[in-house]
Amino acid sequence: KAHFIKLDTLEETHDGSTIINADNISSIKRMNYNDTVQTIILMVGGERFGVRQSPDEIIELVQNVQQEAYA
């Protein structure tokens, strides 16, 4: 079963957010890019997203959605 989380993206979207399948995250990195501190999420298929949440916040979101799925 897929575990989807909603994150605040730094890219142009309709509502400033993106929804991703947490099971497909390959790595999470916090970095300063173009004078903006952001979290880069790399996905299994090679996609990448720049988001506002910290890595700790993302991990917490993933854990919460997984717990809800198995409750």
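Thr18 sits in strand β2. Helices and strands here are DSSP runs numbered from the N terminus, helices being H or I with at least four residues and strands E with at least two. Before going on, a word on the source: this is a predicted model, where local features need pLDDT of at least 70, side-chain atom pairs count only at pLDDT 80 or more, and totals for chains, interfaces and linings use all residues. Residues are numbered from 1 along each chain as its sequence is written, and side-chain values use heavy atoms, with hydrogens and water left out.

Strand β2 covers residues 17-21, and Asn21 belongs to it. Ser17 is in strand β2 as well.

| Residue | Relative accessible area | Class |
|---|---|---|
| Ser17 | 11% | buried |
| Thr18 | 15% | buried |
| Asn21 | 16% | buried |

What do these residues touch? Contact means heavy atoms within 4.5 Å. If you leave aside neighbours within four places in sequence, Thr18 is in contact with Ile5, Lys6, Leu7, Thr9 and Phe49.

**Polar links and a salt bridge**

A polar contact is a pair of N or O atoms within 3.5 Å; within protein, one must be able to donate a hydrogen and the other to accept it, and residues adjacent in sequence count only if both atoms are side-chain atoms. The side chain of Asn21 reaches two backbone nitrogens: that of His3 at 3.4 Å and that of Asp23 at 3.0 Å. Ser17 has a polar contact of its own, side chain to side chain with Asp15 at 2.7 Å.

Asp15 also pairs with Lys6 through their side chains, in a salt bridge at 3.6 Å, N to O. A salt bridge is a side-chain nitrogen of Lys or Arg within 4 Å of a carboxyl oxygen of Asp or Glu. The structure holds 1 salt bridge. Side chains of opposite charge can pair when their charged atoms come close.

**The nonpolar core**

Which residues make up the largest nonpolar core? There are 12: Ile5, Leu7, Ile20, Ala22, Ile25, Ile41, Met43, Phe49, Val51, Ile58, Val62 and Val65. Such a core is a set of buried Ala, Val, Leu, Ile, Met, Phe, Trp, Tyr and Cys residues joined through side-chain atoms within 4.5 Å. Two or more of the core residues come from each of β1 (4-8), β4 (36-43), β5 (48-51) and α1 (55-70). Of the elements, α1 gives the most, with 3 residues.

Phe49, a core member, is in contact with Glu11, Thr18, Ile20, Thr39, Ile40, Ile41 and Met43, leaving aside neighbours within four places in sequence.

**The whole chain**

The chain has 1 helix and 5 strands, in the order β-β-β-β-β-α from the N terminus on. Of its 71 residues, 34% count as buried. The C-alpha atoms fill a box of roughly 40 × 25 × 20 Å along the principal axes. Among contacts between residues at least 6 apart in sequence, 34% join residues at least 24 apart.

Key. Buried means under 20% relative accessible area, exposed over 50%, partly exposed in between (1.4 Å probe, protein chains only).
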